[in-house]
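This report covers helix packing and aromatic pairs in one structure. The sequence and model come first.

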Amino acid sequence: MKTNTQKSLLVLVVLSLPFFLLYQCKQLENETLIELKRIGLVGEEISAENFYKGIAPKNFRPLSGAKYKPSFNDDPGIPAQCWIETGYGTQNACKYCHTDYLASIEHGNAYPIGEDQITYSFPTANLNRILWQNIIYPEKIEERLNAEGINLPNPNDVQYVRTDNWQPTFRKARANGNTQWINANARHKSFILFPALNPLHLFPFNPSNPTSNGKHGYIDPEGFIRSETNEYTGWRAINFFPYAIFTPLTGSVSGIYIRLPKEFMSSNGEFSVEVYKENLQLLEMNIKNEPFGSTHYKGDASAFKVKKGFYPVGTEFAHPLHYVDLFADGEVGTNVDGAESNSEIQYEFPGTRSKRVKEIRYMYKWKDVELIDIALPNEDDTPNGIANGFENYLGREGQGWVDNGAGWILAAYIENRNGELRPQTTEELAQCIGCHAKVGNTIDAVWSFQRKLPGLEGWADMHYGRYDSKRPNETYLNDYLNIGSGMGELGYFFHSVVGADLYGLMPNEIRTELYCFAMQHKLVEMLRLKYPIDEILSDEILKNLSKEERKPRLMERQKIMRYYTKNRAYLQQNNSNGDFFLKGNIFYPTLETMKANIQGYRKIVLDQSFNLGKDLFGSVADNIPFTFRSDGTVKDENGRIIPTGHVIYSRPYNKNGIGITPTGIVEGDAIDSKGNYVEEYTEEDVRTGRITFTGTLDLLYNPILSGIKLK
């Protein structure tokens, strides 16, 4: 039995524990800031409480050209796609972040978060409300712009995306010629982490005169970036198989470039491209979890261990994110159609990548970490960086960088109201951390490299199937076997996301393809469909339907998509080489879609409301898609039914503020290739695709590209 004194001491210890833990967190953060200062970055703590309270970042208006719009969002790292209705489990886009596979094999990932596919388990009461205001209040963007007297962008003004905004920023950021990862002596301190990748070095290769007599650099046939003097810059281009995000249909397309430290490209102090290639190959095999038979890197990097699932300290990634321009297919000349007219020689990026960039993103591996360093905290632990219930970010407001807590510095630059690049705010950068920190599908916080295409095809500028504006219905992009599903990567996406989009909304291009396929193959009769094809494929019809009407239509849509996928009808054979590639008409947008995507995003640029969401589905409230609307059975945070067709503004949560609503995503029954139900099966049956499931739950989705081409 405890005495009164003992009880008092116990109470004192219990009450003191949170403050002690907070003190420990503060100490840890301060140590991190000290470490960052040693490498040249003077950081500060920025609390998410500022975002929650709507406090404007310092100097926001001078940098952006517009007034700050508060989000009241305490965790911008959770993307808007996480709030969509899953169509009774027919739309499992969740598995592209929320999986356990990489964590289960301890491969550069310690985030087993697959169960988040099952429940809308948002961690706070506030986050169980939809906070991405540009999606649920699209009309307010135009209201704000009209109030300022700002003209809306002309949907036919595509010249805007053909104007270069990368090179002017590079000149400003790197005017002193510094090529290091950090430009500590930069005249413009806002750009000390602007990547040292010169866009004038990204000309397509011309074997007869690669540098146009020393006027520019180029990307050589092995993907290495060369300078005007034909020297290796250390950067190398990566051509990877995209997820459903950042594809031409979505309106945003990527370039990806990697650079390792100098030790990895030299031997005995002398540059050696052979050593560099060998080290990059070792890194690729390591990241792809392939056997490589070496414990250390080669050449002057021989002291660096090849750590399973991790990049070496000093690794850099540069990621330009472009608008989509259907005239951008890699032409070079003095007057090309994908770039503004210029008396000097000009070039287009390949793969529909416009000359203008939406963002320049950058990652630098500054610190070595182990799996234990990045593991999710136990429920009873206080996570590092949490204070007063709000996340604390380490970075520098006005310089556009943050520490992701897993060994990487993330930096990013986005368009201001005039279309010039500015450093992102910490609130905007929190969206980057959301994807490059505690998610299940990254390897050492990186998405792209494990998706690199095999061999030299993957050491090339990102060209999205060698897009050619003269043959927009064709690609030269294979689909690759997804290990675990037995289907192709794109085929598996169609199989488990009936909207063929991370928001669950079917692009018109795919709707047209499916309609023609269904009519050609008489799928109404073959699949015994109860509704007309055009009605099944219409997102607009679904918006105001109750569950009794919405669910059967989505289930029939799933039947159509799975039949289409099973027959691999999304592939077409190339007449010249007999290989099978993705169809261009479902991979590239029409001109109408391209213009709509440009105009929608430009409104957000003019409004400078990236913190409220970077996606728009129209200009009026009625444009809010069905995946954000109730079917008459959805409850709000107070337990009240949200009427059919109304926007789902909130969901129920428990006494701790954690969401409790099931997503509807389940595994379902096992069926064989003939559609018969199967009670007994092996892991091999699942892996090879001999059996599939009627549901879409996949806790062990494997994101590593197999390299096995689908026929």
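## Terms and source

A residue is called buried under 20% relative accessible area, exposed over 50%, and partly exposed in between (1.4 Å probe, protein chains only). The model is predicted: local features need pLDDT of at least 70, side-chain atom pairs count only at pLDDT 80 or more, and totals for chains, interfaces and linings use all residues. Residues are numbered from 1 along each chain as its sequence is written, and side-chain values use heavy atoms, with hydrogens and water left out.

## Aromatic pairs

Rings of Phe, Tyr and Trp (its six-membered ring) pair if their centres lie within 6.5 Å; planes under 30 degrees apart count as stacked, over 60 as edge-to-face and the rest as tilted. The whole structure holds 45 aromatic pairs. One of them is the stacked pair of Y137 and Y649, at 6.1 Å centre to centre with 25° between the planes. Y137 sits in the loop between α5 (133-136) and α6 (139-147) and Y649 in the loop between α17 (591-607) and β21 (661-662), so the pair ties together parts 512 residues apart in sequence. Helices (H or I, at least four residues) and strands (E, at least two) are DSSP runs, numbered from the N terminus. Y137 is partly exposed, at 27% relative accessible area, and Y649 is partly exposed at 38%.

Y503 and F628 form a tilted pair, 6.3 Å centre to centre and 45° between the planes. This pair links distant parts of the chain, 125 residues apart: Y503 is in the loop between α11 and α12 (508-520), and F628 is in the loop between α17 and β21. Both Y503 and F628 are buried.

## Packing of α11 and α16

Helix α11 (residues 489-496) packs against helix α16 (residues 547-566) at about 165°, with the axes 8 Å apart. Axes are lines fitted to C-alpha atoms, for helices over the stretch in contact, and angles run from 0 to 180 degrees between N-to-C directions. That angle makes α11 roughly antiparallel to α16 (under 35 degrees is roughly parallel, over 145 roughly antiparallel, 65 to 115 roughly perpendicular, the rest oblique). G491, F494 and H495 of α11 make the contact (heavy atoms within 4.5 Å) with M561, R562, Y564 and T565 of α16.

## Packing of α6 and α17

The axes of α6 and α17 come within 10 Å and cross at roughly 50°; the two helices are therefore oblique to each other. I141, E142, R144 and L145 in α6 meet K603, I604, L606 and D607 in α17.
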